[in-house]
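Good morning, and thank you for making time on the agenda.

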Amino acid sequence: MRLGLLQLNPKVGDLRGNAARVEAAYERAAALGAELCVTPELALTGYPPRDMLLYTGFARAARAEAEALAARLHAKFPNGPALLLGCPELNATGQGKALFNAALWCEAGAIRHSFRKSLLPTYDVFDEARYFEPAPAGDANVLRYRGVVLGITICEDLWNDKDYWPHRLYPVDPVEAACAAGAQALINLSASPFSLRKQALRQDMLSAIAKKRGLPLAYCNQAGGNDELVFDGRSTLYAADGSVAARAAGFAEDVLLADLSAPAIPVSLDDDLSAPAETWRALVLGTRDYLSKCGFKKALLGLSGGIDSAVVAAVAAEALGPQNVLGVLMPSPWSSRGSIDDSLELAKNLGMPTQTIAIEPLMRAFDASLCDSFAALAPGAGPGITEENVQSRIRGNLLMALSNKTGALLLTTGNKSELAVGYCTIYGDMSGGFAVISDLPKTQVYALARHINALKGQAIPPAIIDKAPSAELRPGQKDQDSLPPYDILDAILALHIEKEQTAAEIVAAGFEAATVARVCALVKGAEFKRRQAAPGIKVAWRSFGSGWRMPLAAAALP
């Protein structure tokens, strides 16, 4: 049986537009001889639709669109392939949540069957039990089609094999149930988000399941960016021996034709799965899709001469075209000549336009306006962090004014290390609509910059990479005046945030106790800032954003 795996990049909520994408991909697959077409999970609504699913009218509209799509496809291809379509389904049982997460079997102009997801994840960015009822107990989700018994699962249903996972999250295994019901091939509709190292894990796990069951396994994943999540595609057919028989493109839409009965001929997998290469592709796709799906064609950002703004500029230029990205220089009396020159050289290398707005007159105006109040409220206090934050907020106001006037989206340039410990100014450098590198620790920002230069021929001036990082808000300032060295800071943050270790556990791992205590206290104290931060692209296993749910008014972790 020839499968057409329709690896799509849907826009969440755009039922008609997503149906058109399914239709175009189906037509392409049918023309190539596909006998069954498969979409990603919830392809008709886009994943994740989140609280749109609480509106039953939305689910009804999705069903109507699915029925109309089935009729159109049959009219065009009377003898065409069946379609497995990811779509929410209303729960008519009168018990439980209002919806099922379903795969609708469309054949001969109508929806003939539905297969419901059993395992509903509630960890990290997932919250499916909020919306969906699991498949009723005993559902095996199998169907005989053209002489082959297909076992049909949806995303998380594959992630619970007792021989692969030492600690399973669920008591049942839908794959095991399908195999017990006679499945001769496994089909999975997925919307599995990208994170670093996940593709290697995913491939290893799916290969192990195919080999264990002795069955071909077809996995159809979503591609594209939706809000903070990027989906890397890479839909794959695994042969019964676990080898990769065919795989679709990474980080792009694709239609993969794969034959369940073809001999297992391993394919060449030439993807660069290194962290910088994967991060680059994810950030470019996530930035491009966030802006386009939100209706923006242009972006702007502040260019400081530092590594963070340089990397964000390079990502934005690649995602949107350099002519659509404005770099704004806002030098102060404390900005070095080198930083200004480095910013201009960066913009020239990338082909970006620039604007320069000196902020010294505005700094003087703020000082004059505030001096009497400061003298009365804080007598004897000299310039300090308050004045530094005023500089950052001046820049934030200028950038937001340009954004409002031009309709370009302001990109923030803060990294995960800064966001974690609050080394950023709320309503200042945190101003903006999208935080491109907010899930990259500072050390990874440097690694990405070197990767960009390997790809783009020294697009980022070496001086930007080589200089000591500084906010340049006072004479001679360096980041390490206020923070531990970034290699130490990022190692502590990785244990605390991604590995979920307490201060005591991190100290036991060999880090200096006072440094650990300070870093953990800074992370807790900056929570209010992160609640007000722009959304950013998920790269790590554990990220700030929808998967991070720490309380504000709470005691510190032990």
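Two strands are said to pair if DSSP finds at least two bridges between them. Helices (H or I, at least four residues) and strands (E, at least two) are DSSP runs, numbered from the N terminus. This is a predicted model, in which local features need pLDDT of at least 70 and side-chain atom pairs count only at pLDDT 80 or more, while totals for chains, interfaces and linings use all residues. Residues are numbered from 1 along each chain as its sequence is written, and side-chain values use heavy atoms, with hydrogens and water left out.

Let me start with the sheets. Strand β9 (residues 217-220) and strand β12 (residues 236-238) run antiparallel and are joined by 3 bridges. Within that pair, L217 stands opposite Y238 in β12. Both strands belong to an open sheet of 6 strands, in the order β6-β7-β8-β9-β12-β13, with mixed pairing. Why is one side of β6 and of β13 left without a neighbour in the sheet? These two strands stand at the edges, each with a single partner strand, so one side of each has no neighbour there. From one strand to the next, the twist averages 20°; axes here are lines fitted to C-alpha atoms, for helices over the stretch in contact, and angles run from 0 to 180 degrees between N-to-C directions.

Another open sheet of 6 strands has the order β5-β4-β3-β2-β1-β14, again with mixed pairing. Its edge strands are β5 and β14 (254-259), each of which pairs on one side only. In this sheet the twist averages 30° from one strand to the next. Strand β4 (residues 99-107) and β5 run antiparallel and are joined by 6 bridges, and C106 stands opposite I111 in β5. Helix α2 lies across β3, β4 and β5, running at about 165° to β3.

I turn now to the nonpolar cores. A nonpolar core is a set of buried Ala, Val, Leu, Ile, Met, Phe, Trp, Tyr and Cys residues joined through side-chain atoms within 4.5 Å. Buried means under 20% relative accessible area, exposed over 50%, and partly exposed in between, with a 1.4 Å probe and protein chains only. The largest core has 49 residues, and those with the most contacts inside it are V311, L411 and I460. Elements that each supply at least two residues of this core include α5 (275-293), β16 (325-329) and α11 (442-456). Which helix gives the most to this core? That is α6, with 11 residues. If we leave aside neighbours within four places in sequence, I460 is in contact (heavy atoms within 4.5 Å) with A310, V311, L346, A449, I452, N453 and I465. A second, separate core of 40 residues includes A19, V22, A34 and L42.

N415 is found in the loop between β18 and α10 (416-421). Is N415 buried or exposed? With 0% relative accessibility, N415 counts as buried. A polar atom of its side chain lies 3.0 Å from the backbone nitrogen of S417, and one lies 2.9 Å from the backbone nitrogen of E418. Leaving aside neighbours within four places in sequence, the contacts of N415 include D308, I437 and V445.

Finally, the charged pairs. A salt bridge is a side-chain nitrogen of Lys or Arg within 4 Å of a carboxyl oxygen of Asp or Glu, and by this rule the count comes to 35. In the pair R130 and D51, the closest N and O atoms are 3.0 Å apart. This pair links distant parts of the chain, 79 residues apart: R130 is in the loop between β5 (110-116) and β6 (142-145), and D51 in the loop between β2 (36-38) and α2 (56-76). R130 is partly exposed, at 41%, and D51 is also partly exposed, at 33%.

R63 forms a salt bridge with E67, at 3.3 Å between the closest N and O atoms. Both lie in helix α2, 4 residues apart, about one turn of the helix.

E89 forms a salt bridge with R116, with the closest N and O atoms 2.9 Å apart. Since E89 lies in strand β3 (residues 82-90) and R116 in strand β5, the pair ties together parts that are 27 residues apart in sequence. At 10% relative accessibility, E89 counts as buried. Elsewhere, salt bridges that share partners join R202, D232, R234, R247, D271, E278 and R281 into one network.

Conventions:
Polar contact = N/O pair within 3.5 Å; in protein donor to acceptor, adjacent residues only side chain to side chain.
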